[in-house]
Structure formats: C-alpha cells, structure tokens
Amino acid sequence: MAPSPDDARPTSSGNRSKPVRSTQYMIAPAGPGVSAQALAEQLNQFGNILWTHDQRGVSGPPIAIVRMPDEAAAALRRSTGGSLIIEPDSHLRAASFAGPASAFIPAATAMTALGPDLKVTIRVLGETGAPVEQATVRLVGEQASVQGRTDRDGNVDLTLRDEVPETIAAIFVSARSGHWGLWQQQPNIEADAVNTLTLKPLSLPGRLDWSGEAIRFDQIPDHCRGADVKIALIDNGVATSHKQLAGIEHGIDARSGEDRSWSKDVTGHGTPCAGIINAAAQADHGIRGYAPDSELHVYKLPLDARCSDLIAALDDCLQNGIDVACVGVGCERGSVLVEQHIAMAKQQGVSIIAAAGNSGEGVLFPACSPHVMAVGAVGRMGSFPEDSPQAAQAAAATAAAGGLFVPPFSCRGPELDLCAPGVAVIACQSPDGYAVCDGTSLAAAHVAALAALILADHADFKGTFIAKDAHRVERLFQILKDTAQPIGHPWQTGAGLPDAARALGVWSDQRPLAMPLNAGLREMRSAIRQLDRIPLGASQAMLFEPPRGPANVTRLPLNPAPLAFQAAGGGMATVHELRAAMALAGLAEGP
C-alpha cells in the first residue's frame, strides 16, 4: 500500500538537522527487456521501493513505485543516461462534488485586521425540523473562508479570523442527500449564537431529469439500453446498498485488489456517476441510468489516489475487455507512463471518456490526452431554486445557447471535446438516497452512457468498426462530436452538447440551439496564459510532457441511414432518405 503523501524527514548533521524532501516516484525502463526484479535491484540503493507494478498480465514494462529524496531522483536520472523514465507519482483529485462550488466565488481581501476571531454556530434543519447531518457549510468573509460539516444534531462550529458578522459576504450550505442546498448573500449571522438555516426538501422528478432531456435520451427507443457493452467507472467506489444500484456485480479495488471494498462510497463521488450510467428504473420517479443494460465494472481508487492507481485500473480494463472507461479524476501534470497505458487501451478498443476537471482552469490530465475524450460541464437556467448554490454558479457563469451556461468551475481550453450536464443533476447518492450534484464527472458519465448506446446499436459498430481497435475508438469519438449541437465557444464547450437522437440516427429535427462564437480577446489570452502555466509551474522531475488533446477522431462521412426504428416524436424518413439508406446497404441504386 502507498504511504502518506510527500513528507519531509529530518537528517542529522552534527548538532543540526535539516529536512530532506521525499517524493513518491514512478520509475520504468525506457526500453524493452528489463524485468521487474532487475529494475528493483537497480533502484534499491536509491530509495524505498514500495511495490513493483506487475501489469496484471498486460504486456508492458514493469513500473517500480519508489519513495526517495528528490536529490536521489536527480542523481538516478543523471547516472542512467535516459534509460529510465522517472516521474512523480502525482496525486489525483475527484472531478465532481455534491454541493456548492463556492470556492470559485472569491472573497475580497481586506488589508487590516478587524478584531478577534469570529466564532459562529450554524444549525441546519429540514422543513420538518429534523437536523440535517453531514451537510457542508461554507462561510465566505472579506479576508478568508471556512467550511465544515454538521454533526448528527445538524450543528457545526466555524471560526473565521479577523472577521465580524457584517463582513460575511455569503453562506453556502449543501446537504449530502435529500435536500436542496442554500445560498445567502450578506447573511444575518450572529456571533456566539446558534444560527438556524432551513433547507428545502428534494423532490424527485416524475420524468427524466433536465439532464436527460438536454441530451435527448427521451427521444430514443426504449430498447436502446447499452446491452453487451462493458463500461468501467474509475472513481471512488459505488454504494451497491442503493436500491437502484444493487444489480452492479463487478468491481475491484484498483490498489489493493480487495473483492468488495469497491461496493462502498465514503466520499459520495462515484455513486452519482454510477447512477447516471446504470441505475435501474423505478416506477415512482424518473431517476434512471441511461445505459441500464450495460455491464458496469467499478474500479475503486483510494482517497489518496495517484497516477499509479490509474495505471492499475487501466490494466484491469484491458484484462476485462472493457469497451468504455469513464474516468472521474485528474491532475495538472501529464504522465508519460499513464499515457503509455492510455495508448495501449485505445489500441485494444477501450474508449476513455474523462472529466475535464473542476478547477476552472486548464483541462486536467488524463482528459487532455489526444487519446481521451474530455468533457466539461454545463447547467440550465431554471433547473434549481433561486437561493441554491447552483444559482450562485449561474450568476458567475458564461452564457451559452438554449438557456444553458458554463459554470465557473468547469475546466476549459482547446483540449475540450464535449460538454454535458454537470450542474444541479439529481442523482443517486450513497448509501441509499438522492442528492443534487455538480461536477464534470457527472458530465463525463452522461457521455459514457451515450457512448455505450452507440456501440450497442449504431450500425457502424456491427460492421466496419466491429473490431476492438483504435479505429473503433476514433469512430465513436467522431460520432459523438459530429452529432453534438454547438452551444458556445469550443474552448468552453468543445464540439457542443451531445445529441442522443442524432448520434443514434433517429430522424428528428435539430434543435435551434446554436449561437455565435463570441469569445473575447481577453478570454483567449487568459486561457493561453493558463496553458503556459501548466508546464512552467511543474516540477523538474519530468523532462517532457505527453502531448495534449483534443481527442483524435477518424474523419469519415457519418452514416446517413437511420436505425431500424423511430423514436416517439421523430420525423418520418423521406423517400430520398430511404433510397439513400438502401443504396448504402447495397440493396438498390443510389438516388
């Protein structure tokens, strides 16, 4: 198992001690023919070998996970003359969250101290008066912000330095499940008192959530369910205790290999994504998975996940014949070793769809890889209460077409391929509830579900692209992008919002969502500066970065023929369209 994050350990020199920084590295031979044992023997003198990655039966070089001082890594690099790939084993962070993205609403910075610390108690209740446990409460002041979680009584004690009640700019509250969040500007907060806030109950929609309608999952036939397609969810586990997710049978802990640890979700991050993909339908509400007949495999990453854990998960995808991998984590730096495994997965027909990230900056890795489809988030006006944290996001957002907007947290840049619903999405939540969730991981899950439907039912993947190889992946990516509806600037929304009806060949009218591309010069310059900042701010432990996206696609004409069904509300095919379809199938001469 991996140790704690990078630390500093003292060493003695006479009567003085100075810290020596140790970092966890991934090290692999740059060429073939080196065994795991030979690699370990070569590295023993430089640091503490935590484990050697055995590739789990997948062809590829051995990878040693080593903790060593940075000076030792530099010495090893000099002594091996480029025969080893040496790079930090970077931490990964989740790309969705239940609750407010209030971190993206900066507070003004005051230069003078206002007085003693401000201590307040917040009590969060539901409309029935019952306490709301595990709600996240965030106070934003002039100089700083602070957040905490409520206890079983619904209480949380918070302390802000150098603030007074009058300088509190906003308060954000988000429940783990069962309630809408709350956003108040200039709240009436009293010090040394219990401040009570009441949350609205979350009512489940009687039909598809707004996100399903936005992608037009409601316009495809009921039998399009993703049968015989294997989807991997690489995230923080899934709560199979949820009544709509109890049918998920396949999973593994990517680091330890334990059998059932994957079936729990402490963070509440993987469960909403699993629900979007695979939740069984319930008669009393519209929350369901959009590819419910797909075979979902859960690859649980630990809370302190690193790039080496992502490599292990990708190797397992190859072992299990995965068709689509949905990745809900990322990091700022690219990884050559991870990129090698991404390319290997693509060669074997694994289509990787990844969240762009929630930092509001450049697209994270692995989403920025040209072998991966990067998905950003969009929201829709009117899909949330006016006093919710999502309303705060909308107030700071960039407008898109059709009442949609790009939230400030969604990462952006030229590597972005698509956007999908990722604000105020009502989804399954562990252990057996429902929550209002935000994040680009949710957007990626929507696209992964649509990808499964395309692989299962699109004619291209029953003929020309039936083989599981890189051409299959690129053709899938092309269909997703070329049938998407443009809604804004490509650096913010990629090719646009996926359209399930168009991607599956259902004949229906195109929605009039398109809007002019009007990104300003200032915005473009800011994005370019952000892209420059990624390599400039990085450690010198890596000599180069892998190439960045957008995703490569196979550029061929899209099949103009509809599928052998028609969705409710779709337009009838014309005689010209039927003749074209017959000609394509070799049944008649073209028109």
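Predicted model: local features only at pLDDT ≥ 70, side-chain atom pairs only at ≥ 80, totals over all residues.

Biologist: Which residues of helix α1 are buried?

Modeller: In α1, which spans residues 36-43, the buried ones are Leu39, Ala40 and Leu43. Viewed down the axis of α1, its buried residues fall within an arc of 100°, so they line one face of the helix. Gln37 and Glu41 are on the other side.

Biologist: How should I read a sheet?

Modeller: Strands of a sheet pair through backbone hydrogen bonds, in a parallel or an antiparallel sense. Here, three strands form an open sheet with mixed pairing, in the order β11-β8-β14. At the edges stand β11 (155-160) and β14 (194-199), each with a single partner strand, so one side of each has no neighbour in the sheet. From one strand to the next, the twist averages 30°.

Biologist: In what sense do β8 and β11 pair, and over how many bridges?

Modeller: Strand β8 (residues 118-126) pairs with β11 in the antiparallel sense over six bridges. Opposite Leu158 in β11 stands Val120.

Biologist: And the interior?

Modeller: In soluble globular proteins, nonpolar side chains tend to be buried together. The largest nonpolar core here has 92 residues, and Phe217, Ile353, Ile454 and Leu480 have the most contacts inside it. Helix α8 (residues 440-457) gives the most to this core, with 14 residues. Beyond its neighbours within four places in sequence, Leu480 is in contact with Met373, Leu418, Val447, Leu450, Ala451 and Ile454. Another core, of 43 residues, lies apart from this one and includes Tyr299, Ala313, Ala356 and Phe365.

Notes. Residues numbered from 1 in each chain as written. Heavy atoms only, no water. Buried < 20%, exposed > 50% of the residue type's maximum accessible area, 1.4 Å probe, protein only. Helix = DSSP H or I, 4+ residues; strand = E, 2+ residues; numbered from the N terminus. Arc of directions from axis to C-beta. Pairing = 2+ DSSP bridges. Axes fitted to C-alpha atoms, helices over the stretch in contact; angles between N-to-C directions. Core = buried A, V, L, I, M, F, W, Y, C linked by side-chain atoms within 4.5 Å. Contact = heavy atoms within 4.5 Å.
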